[in-house]
Amino acid sequence: MITWGPVFRTLHRPLMVLAAVMAVLLVVSAVGLLVDDRTLVNAPIWAKPFKFAVSVGMYAGTLAWLLSLLRRGRRVGWWLGTVFAVGIGMDMALLVWQVIFRARTLHFNVETPTDRQINNFIATGAFTAWGATAAVVVLLLWQRLPDRALVSALRWGTALAATGMGLALLMFSATPSQKALYAQGIKPPTSGGHTVGLADGGPGLPLLGWSTVGGDLRIPHFVGIHAIQVVPLVAFALLALSRRYPVLSSDVVRRRLVWTTAAGYAGTLAIVTWQALRGQSIVRPDFWTLAAVAGLLAVVATGVALSLRVPKLVQLADLPAR
């Protein structure tokens, strides 16, 4: 059994400071959404700081907890967490400065030398954070924790999160219209974009801003990075439910269900990425997208059914010794 008291007392301080700053930014952004009627690219100007405060705050807190579980390479893990906190902290400071104080777009903006420099700094911070997260995945591969289902969840969740961060690279490629301008010797004001098939800034979902008329590469990025919370939470839920449902008391069953969850999550990530790259809105799936979703649901349902079928010998092996 894992003792959580000492774990929470040893959370990575730089990451927790980052999470606390994000909590403050979240409150400020919420107030800004209510009292500041300015807009930027057809969205409330405080929407981006609000969304990023939620996402980064959750991610920083989760990563701090993951690093507290390390038994091997703790010093390396501390430095990786610090690198992540500094990289993303720098990005968030630049986000607030560029969006709120300069009232200019942040990502892909290369219109002026200042915009270009800020955009380069943002990319550097993001790549640094991605590298730190990928290294944490490697560290987790070498850890031994009492609950094997949780170990699997930590490894898969962190690996999927690193994949989600890497998918952000898809947004930094020049769009067809930008390539056409480059071919004419004209430097466009933006380089890259998150909307596929259309220009950024079109109709989108409330607050999230995800395009309702075209593909949006922010969706697979978002889905991927938050696997670091979702998959371990499933492992915790299974452990809690094991007290009420005897079948879940088997470590083998819980581990197989975690694998099924990770496979389903990976499939979801693949589908939303495929959908975005085809220029299709998340709210307007076509037949093939729906067919892929139906196939994934069938695979997950089959995986759950097979996971719950455990040989009697395995069940007996999981029983505590008397």
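# Close-up views of a predicted model

**Figure 1. The charged end of arginine 278 lies over the ring of tryptophan 274, at 3.7 Å from the ring centre.** A charge is taken to sit over a ring if NZ of Lys or CZ of Arg is within 6 Å of the ring centre and within 35 degrees of the ring normal. Please keep in mind that this is a predicted model: local features need pLDDT of at least 70, side-chain atom pairs count only at pLDDT 80 or more, and totals for chains, interfaces and linings use all residues. Residues are numbered from 1 along each chain as its sequence is written, and side-chain values use heavy atoms, leaving out hydrogens and water.

**Figure 2. Searching the whole structure for aromatic pairs turns up 7.** Tryptophan 78 and tryptophan 79 form an edge-to-face pair, because their ring centres are 5.0 Å apart and their planes stand at 90 degrees. Here rings of Phe, Tyr and Trp (its six-membered ring) pair if their centres lie within 6.5 Å; planes under 30 degrees apart are stacked, those over 60 edge-to-face and the rest tilted. Tryptophan 78 is partly exposed, with 39% relative accessibility. For the accessibility classes, buried means under 20% relative accessible area, exposed means over 50%, and partly exposed falls in between (1.4 Å probe, protein chains only).

**Figure 3. One cavity of 30 Å³ or more is found in a search of the whole structure.** The largest cavity holds about 30 Å³ of space. Grid points are joined across faces, edges and corners, and the volume is the space filled by probe spheres set on the points. Look for Gly215, Asp216, Ile219, Val272, Gln275, Ala276, Gln280 and Ile282 around the largest cavity, as these residues line it. Strand 4 (215-216) and helix 10 (251-277) each give at least two residues to this lining, and helix 10 has the largest share, with 3 residues. Helices (H or I, at least four residues) and strands (E, at least two) are DSSP runs, numbered from the N terminus. By type, the lining has 4 nonpolar, 3 polar and 1 charged residues. In this grouping Ala, Val, Leu, Ile, Met, Phe, Trp, Tyr, Cys and Pro are nonpolar, Asp, Glu, Lys and Arg are charged, and the others, Gly among them, are polar.

**Figure 4. Alanine 103 is not a glycine, yet its phi is positive, at about 55 degrees.** You will find alanine 103 in the loop between helix 4 (74-101) and helix 5 (113-141). Its relative accessibility is 38%, so alanine 103 counts as partly exposed.

**Figure 5. Alanine 161 and alanine 227 are 66 residues apart in sequence, with their C-alpha atoms 5.4 Å apart in space.** Alanine 161 belongs to helix 6 (residues 148-166). With 0% relative accessibility, alanine 161 is buried.

**Figure 6. Histidine 194 occupies the loop between helix 7 (176-183) and strand 3 (195-196).** Histidine 194 is buried, as its relative accessible area is 12%.

**Figure 7. Leucine 141 and glycine 185 are 44 residues apart in sequence and 49 Å apart in space, from C-alpha to C-alpha.** Leucine 141 is part of helix 5. The relative accessible area of leucine 141 is 47%, so this residue is partly exposed.

Figure 8. Leucine 34 is exposed, with a relative accessible area of 76%. The C-alpha atom of leucine 34 is 9.8 Å from that of proline 44, which is 10 residues apart from it along the chain.

Notes:
1 Å grid on protein atoms, 1.4 Å probe; cavity = no way out; pocket = protein on both sides within 12 Å on 5 of 7 lines; lining within 4 Å.
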